[in-house]
Amino acid sequence: MRSWLHGPLLLGLCVVTAGANEMKMNQENDNRQICSGMYSKNDWGGDVDPHILVKWVQQDVPEGSDPIASMIIFEWKDYDLIGIENEYLCDSDPIQAGFCNSNQTGEFILAPNATDISKNVIFTQAVHLKDPPLPVNYGIKKTGYYCVGTAAFSPLDTQYSATVEFRNAYGELPAAQIAKLPFYGGITIVYAVIGAFWAFLYVQHRHDILPVQNYITAIILFLMAEMLVTWGFYDFMNRNGSTVGAKVLMIVVAILNAGRNSFSFFLLLIVCMGYGVVKHTLGKTMIYVRYLAAGHFVFGLIYAIASLTITPESAGPLVLFIILPLAGTLTAFYVWTLNSLKETIRDLVERKQTVKLSMYRQLWWAILLSIMVIFGFFFFNSFTFASSSSPDFVPFHWKTRWFILDGWLNFVYLADVIFIAYLWRPTANNRRFAMSDELAQDDEGFEIADFGAEDDDDDDPESAAAHRGDRTQPGQEGPRYDPPPGANTAKEIPRESLDGETIFAVGEDGDRWSDEGSDEERGKLVHDQGK
């Protein structure tokens, strides 16, 4: 007669998960059933035997009455064994139909062979609220997705209250989040290793550090601190549960996360502008970039606090005033970053700066690959969560949902940090590389001796080799100009820099020494060059 798990309540049973280890249950539709993933002791380890503990609260009932509530504890894979022909609670009609007997009045109806074919124990009980039973301890022997369901049996408007604790062997963290503990611990170690390598190079070349490398140093230190605090937050929750201290740490983590996002966008923007490598200074532009980063941090912090305090049900149109400013600063960062990188690459192409151009093209491909990966996961998640309305979605994805929502983004971010740190790592010639330009050379050059060469000279190999400057033929030194000793062969190429700073041209391998120079002069020049 009663279809307790039918319709909306069936959907509610599968999507309502335990957000903390201890939850309250009552007769309200949103609180009548709670589900949570649970790990067995063999799968995750720990000192406590994992269990589900249900405590019923004694109710004040009128004299002579005996209100009854029904309870069931089961693993989701055994759901099909609950109920027969849309009958779920054992009352007079199912008893007459032979689905249950009078001794099972008030309990949930199970399939006749449920005990033999169920993958886990299915426990059901009729609870007399006037004199509630001792707490029910349901032991977890296998990893799975377990549910506790209740319903008012007699009378139908019976009010009741109970607490449910999902206790895993390893500690207080919900099973769906325990994987974050080793994840953030491991990623903290990875950032620490990156920081150690960076510190070694930084100290080794401390007299030749560029300003942009100081910013990279700061963000690596910041990331190490943020990942350590995040790991500490989950470790604290696992040891102590959801206490006031855990909530304070959660706010600290939210602040650090907003700071990381702003700092990362700021660093990427100034790198794409060519700061430290193409431009010695950004001038007033740096002030505007800092203002944008500060605004993004403030709006990100407001969004983080709002997401922790406002539930989706209570969110109204005012929430747009929180989302839109953050979306605006984020869009500004995206557009400005891509345009700056495009302008930097175009400037390097026009000036034929092949080495620096190669760096920024690699950065372009790294950003493009990151965007492709993010959009790829976005579409993958869209198809995945398109089936989230299915009752089986959460039970079969509770172990990996944290990675889809959070973990993979940290991997993409880590890969980008490693790439930028490697590309802009401290070296022995940082400043000389940043403040110098390559001599612009065409791939197909010519020499003065090429003018006036006749086509028939090609028949004479020695003559042709002489015109081409080939000195491999016997007796041929080629048409070469040797400057007098002490002459300066480097030619300054006047050029206006992008911001008016002076950039010096550094000679290439084509600046050969004169064969007629003395050993003394050559040694002096080599000594000066080494300085």
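This briefing describes disulfide bonds and helices in one protein structure. The model is predicted. The protein has two disulfides, and the bonded cysteines, counted along the chain, pair in the pattern 1-4, 2-3. Two helices, α5 and α12, are roughly parallel to each other, and helix α6 spans 43 Å from its first C-alpha to its last.

**Disulfide of cysteine 35 and cysteine 147**

- The sulfur atoms of cysteine 35 and cysteine 147 lie 2.1 Å apart, and the two residues form a disulfide.
- This pair links distant parts of the chain, with cysteine 35 in strand β2 (residues 33-38) and cysteine 147 in strand β7 (residues 144-154), 112 residues apart.
- The link of cysteine 35 and cysteine 147 is right-handed, with 110 degrees about the S-S bond.
- Cysteine 35 has 0% relative accessibility and therefore counts as buried.
- Cysteine 147 also counts as buried, because its relative accessibility is 0%.

**Disulfide of cysteine 90 and cysteine 100**

- Cysteine 90 and cysteine 100 form a disulfide, with 2.0 Å between their sulfur atoms.
- Cysteine 90 is in the loop between β4 (68-75) and α3 (92-97), while cysteine 100 is in the loop between α3 and α4 (114-117), 10 residues apart.
- With 95 degrees about the S-S bond, the link of cysteine 90 and cysteine 100 is right-handed.
- Cysteine 90 is buried at 0% relative accessibility.
- Cysteine 100 has a relative accessible area of 10% and is therefore buried, since buried means under 20%.

**A further cysteine**

- Cysteine 272 is buried, with a relative accessible area of 0%.

**Packing of helices α5 and α12**

- Two packed helices are described by the angle between their axes and the distance between the axes.
- The axes of α5 (residues 180-204) and α12 (residues 401-423) come within 12 Å and cross at roughly 5 degrees.
- Angles under 35 degrees count as roughly parallel, so α5 and α12 are roughly parallel to each other.
- Residues of α5 in the contact include Phe183, Tyr184, Ile187 and Trp198, and those of α12 include Trp402, Phe411, Leu414 and Ile418.
- Lys180 of α5 and Asp406 of α12 are also among the residues that make the contact.
- By class, the contact of α5 with α12 has 14 nonpolar, two polar and two charged residues.

**Helix α6**

- Helix α6 (residues 211-240) has 30 residues, and its span of 43 Å is close to the 44 Å expected at 1.5 Å a residue.
- Glycine 241 follows α6 and has a positive phi, near 85 degrees.

Technical notes: Residues numbered from 1 in each chain as written. Predicted model: local features only at pLDDT ≥ 70, side-chain atom pairs only at ≥ 80, totals over all residues. Heavy atoms only, no water. Axes fitted to C-alpha atoms, helices over the stretch in contact; angles between N-to-C directions. Helix = DSSP H or I, 4+ residues; strand = E, 2+ residues; numbered from the N terminus. Parallel < 35°, antiparallel > 145°, perpendicular 65-115°, else oblique. Contact = heavy atoms within 4.5 Å. Nonpolar A, V, L, I, M, F, W, Y, C, P; charged D, E, K, R; others polar. Expected span 1.5 Å × (residues − 1). Disulfide = S-S within 2.5 Å. Buried < 20%, exposed > 50% of the residue type's maximum accessible area, 1.4 Å probe, protein only.
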